[in-house]
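Have your viewer ready and follow along.

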Amino acid sequence: MRRLAAAALSAGVAALLAGCGGSSSGGEDNPIVAQNSNGPSTSSTCPVVPTPSGTPQQYKTEPAMCIEPAAYTATIKTNQGTIVATLDGAKAPHTVNSFNFLAGQGYFSNSPCHRLTTQGIFVLQCGDPTGTGTGGPGYTIPDENLAGATYPAGTFAMANTGQPHTGGSQFFICYADTPLPPQYTPFGHVTQGLEVLKAIAANGEDDSNGPGDGKPKKPVIIQTFTVAKA
């Protein structure tokens, strides 16, 4: 099981935040660097969406670049409240482009946030429609925006396997300042709904991954996830 954020809680030191990306072979332990190395497009026309396979949707390659190098707004409606974030399409174009694509395909709709940590690191992890912590879209995207990266409250960042360029669809949101090494692509920040995240954290986790780390005791379900140019 690949986790987004596994903390060495007994030592009080955050270890690796690992989430599952996915690979074109379907093997979660066989990450593939994203195929599309082009920069953001200024075109208003996006390529035809390939037909996915499986449930949840699986795609063979990273989607073609379709966003502009600009700010985008993500609106995440959950059963516990709405979270709005600004996504940085200039500093993290591959990441924002992927989320724009997946959100447009309804990939995140009715999916659980499968992990909450309340000791050492302070994050809610979502983006795996299987709810297992091992799911991904079938492709991986490159790391971005890591130079000097920090993870204050409200940060949106990518989960990975612990290896470079293994992000997929899993992401985490920091509900409090979180000490992590600059290894997880930060691609946005909360503009509304930080109180929703704090309330989720206050409900606690089930310790299924160890003390202070597990599934939210009160289930968190993403009802809809939309991305639009700000």
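## A buried glutamine

A polar contact here means a pair of N or O atoms within 3.5 Å, and within protein one of the two must be able to donate a hydrogen and the other to accept it. Keep in mind as you look that this is a predicted model.

With that in hand, turn to Gln57, which sits in the loop between strand S2 (13-14) and strand S3 (71-78). A polar atom of the Gln57 side chain lies 2.9 Å from the backbone oxygen of Gln105. Gln57 has a relative accessible area of 17%, so Gln57 counts as buried, the limit being under 20%. Setting aside neighbours within four places in sequence, the contacts of Gln57 are Pro52, Gln105, Gly106, Tyr107, Gly136 and Pro137.

## Two cavities

How many cavities of 30 Å³ or more does a search of the whole structure find? There are two. The largest has a volume of about 40 Å³, and its lining is made up of Thr95, Ile141, Pro142, Asp143, Met158, Ala159, Asn160, Gly167 and Thr185. By class, that lining divides into four nonpolar, four polar and one charged residue.

The second largest cavity holds about 30 Å³ of space. Around this second cavity you will find Ile76, Thr78, Ile83, Cys113, Leu124, Cys126, Phe171, Ile173 and Ile222. Strands S3, S7 (123-126) and S9 (171-174) each contribute at least two residues to the lining. In the lining of the second largest cavity, eight residues are nonpolar, one is polar and none is charged.

## Aromatic pairs

The structure holds 15 aromatic pairs. One of them joins Phe99 and Phe187 in a tilted arrangement, with 4.9 Å centre to centre and 35° between the planes. Phe99 belongs to helix H1 (residues 93-104) and Phe187 to strand S10 (residues 186-192), so this pair ties together parts that are 88 residues apart in sequence.

Another pair, Phe156 with Phe171, is stacked, at 5.8 Å centre to centre and 10° between the planes. This pair also links distant parts of the chain, with Phe156 in strand S8 (residues 155-158) and Phe171 in strand S9, 15 residues apart. Phe156 and Phe171 are both buried.

Where do these rings come together? Ring pairs link Phe99, Tyr107, Phe108, Phe156, Phe171, Phe187 and Phe225 into a cluster.

Key
Residues numbered from 1 in each chain as written. Predicted model: local features only at pLDDT ≥ 70, side-chain atom pairs only at ≥ 80, totals over all residues. Heavy atoms only, no water. Helix = DSSP H or I, 4+ residues; strand = E, 2+ residues; numbered from the N terminus. Buried < 20%, exposed > 50% of the residue type's maximum accessible area, 1.4 Å probe, protein only. Contact = heavy atoms within 4.5 Å. 1 Å grid on protein atoms, 1.4 Å probe; cavity = no way out; pocket = protein on both sides within 12 Å on 5 of 7 lines; lining within 4 Å. Points joined across faces, edges and corners; volume = space filled by probe spheres on them. Nonpolar A, V, L, I, M, F, W, Y, C, P; charged D, E, K, R; others polar. Phe/Tyr/Trp six-rings, centres within 6.5 Å; stacked < 30°, edge-to-face > 60°.
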